[in-house]
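Please look through the sequence and the model shown here before reading on.

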Amino acid sequence: TEAGQQILAVGQATEDQFSQLAARIAGAGEEVSGELIVTSLLTLSGMVLPALSRLMEAHPGLRLRYLTDPRVFRLEYGEAHVAIRAGGRPTEPDNVVQPLARHRVGLYASPAYLEAHGRPESDTDLAGHRFIGADARDARAPYFRWLADHVAEETVVFRGNDQEAQWAAIRQGIGLGFLPWIEGSNDPRLVQVMAPRDEWSSDIWLVTHVDLHRTPKVQAAVKMLKETAAELCRGIEGLEAAG
């Protein structure tokens with residue numbers, strides 16, 4: 001009946017609220033153990049996963065959930081305990097927002113692609129090349145916006161709605177494409193064609209909810225993420241200075 005449907009909707013909403021409350025309570029314990037939910041974009045995994053690995057080594061009682069969905073998780077509902085976001089500074093109320101690092105992105109190709117098509121030395125050389133892009137023409141990532149402004153649309157010969165598929169296409173030699181510096185520089189199957197530029201990069205933010213920010217579990221995660229990001233950034237700067 002219509003009344004039954006209304007009761008069912010209320011019951012489902014109530015169940016969701018209790019689940020969210022349970023998730024927040026789970027993050028508020030006094031020990032660095034139990035479930036910790038961390039969310040970020042997949043493209044940030046090269047920076048996030050080393051920190052989470054160290055965190056779990058330091059605190060064996062942790063059980064980690066790492067979510068790389070592009071949507072913005074609601075920290076106030078306990079959907080995540082720690083969020084790592086790229087782009088403009090997050091503005092949600094009741095969140096603690098801290099700068100973490102700079103998301104550096106370069107242009108890469110496979111050796112097979114460069115052998116077949118040559119290596120561009122400057123932006124003017126890009127006209128004769130093939131590119132890997134996002135399925136959405138209005139993708140918000142700064143490097144995809146740059147690509148839309150600087151190359152003809154018909155030269156974007158492969159579009160994917162998933163970063164892993166885009167990266168796999170670059171490795172297969174289908175075209176030139178963008179990868180985070182950390183991912184590209186550690187992959188022997190790729191060659192850096194153009195070094196990271198500021199116009200391709202974005203700020204990375206560390207976001208926690210004010211109610212959980214001071215809990216031992218969240219503080220341990222925040223500390224490890226900051227330390228690891230700082231080490232990786234120093235390593236990048238050292239390699240760039242040497243190269």
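How many bridges join β3 to β10, and in which sense do these strands run? In this predicted model, β3 and β10 run antiparallel and are joined by 5 bridges.

## The chain as a whole

The chain contains 7 helices and 10 strands, and 42% of its 243 residues count as buried.

## The open sheet

An open sheet is formed by 5 strands in the order β2-β1-β3-β10-β4, with mixed pairing. At its edges are β2 (62–67) and β4 (95–103), each of which pairs on one side only, and from one strand to the next the twist averages 20°.

β1 and β3 pair in the parallel sense over 3 bridges, and here serine 40 stands opposite isoleucine 84 in β3. Isoleucine 84 also has leucine 206 as its bridge partner in β10. β10, which covers residues 202–209, then pairs with β4 in the antiparallel sense over 8 bridges, and within this pairing arginine 102 has aspartate 203 as its bridge partner. As for β3 itself, this strand is largely enclosed by the rest of the structure, because 4 of its 5 residues are buried.

Threonine 39 is found in strand β1. Is this residue buried or exposed? Threonine 39 has a relative accessible area of 5%, and because the cut-off for a buried residue is under 20%, threonine 39 is counted as buried.

Leaving aside residues up to four places away in sequence, threonine 39 touches Leu67, Phe73, Ala80, Val82, Ala83 and Ile84. Another pair to find in the model is threonine 39 and proline 70, which are 31 residues apart in sequence, while their C-alpha atoms are 9.1 Å apart in space.

## Helix α2 across the sheet

Helix α2, made up of the 14 residues 45–58, reaches 19 Å from its first C-alpha to its last, which is close to the 20 Å expected at 1.5 Å a residue. This helix lies across β1 (34–40), β2, β3 (82–86), β4 and β10, and runs at about 170° to β2. The buried residues of α2 are Ser45, Gly46, Met47, Val48, Ala51, Leu52 and Leu55.

## Pocket and cavities

The largest pocket holds about 1000 Å³ of space. Its lining consists of 38 residues, and those nearest its centre are Leu41, Pro70, Arg140, Ala141 and Gln163.

At least two residues of the lining are supplied by each of α2, β4, α6 (181–185) and α7 (216–242). Which element gives the largest share of the lining of the largest cavity? That share, 3 residues, comes from α6.

Methods. Residues are numbered from 1 along each chain as its sequence is written. This is a predicted model: local features need pLDDT of at least 70, side-chain atom pairs count only at pLDDT 80 or more; totals for chains, interfaces and linings use all residues. Side-chain values use heavy atoms; hydrogens and water are left out. The expected span of a helix is 1.5 Å times one less than its number of residues. Buried means under 20% relative accessible area, exposed over 50%, partly exposed in between (1.4 Å probe, protein chains only). Two strands pair if DSSP finds at least two bridges between them. Axes are lines fitted to C-alpha atoms, for helices over the stretch in contact, and angles run from 0 to 180 degrees between N-to-C directions. Contact means heavy atoms within 4.5 Å. On a 1 Å grid over the protein atoms alone, a cavity is a set of points where a 1.4 Å probe fits but cannot get out, and a pocket is an open set with protein on both sides within 12 Å along at least five of seven lines; lining residues have an atom within 4 Å of a point. Grid points are joined across faces, edges and corners, and a volume is the space filled by probe spheres set on the points.
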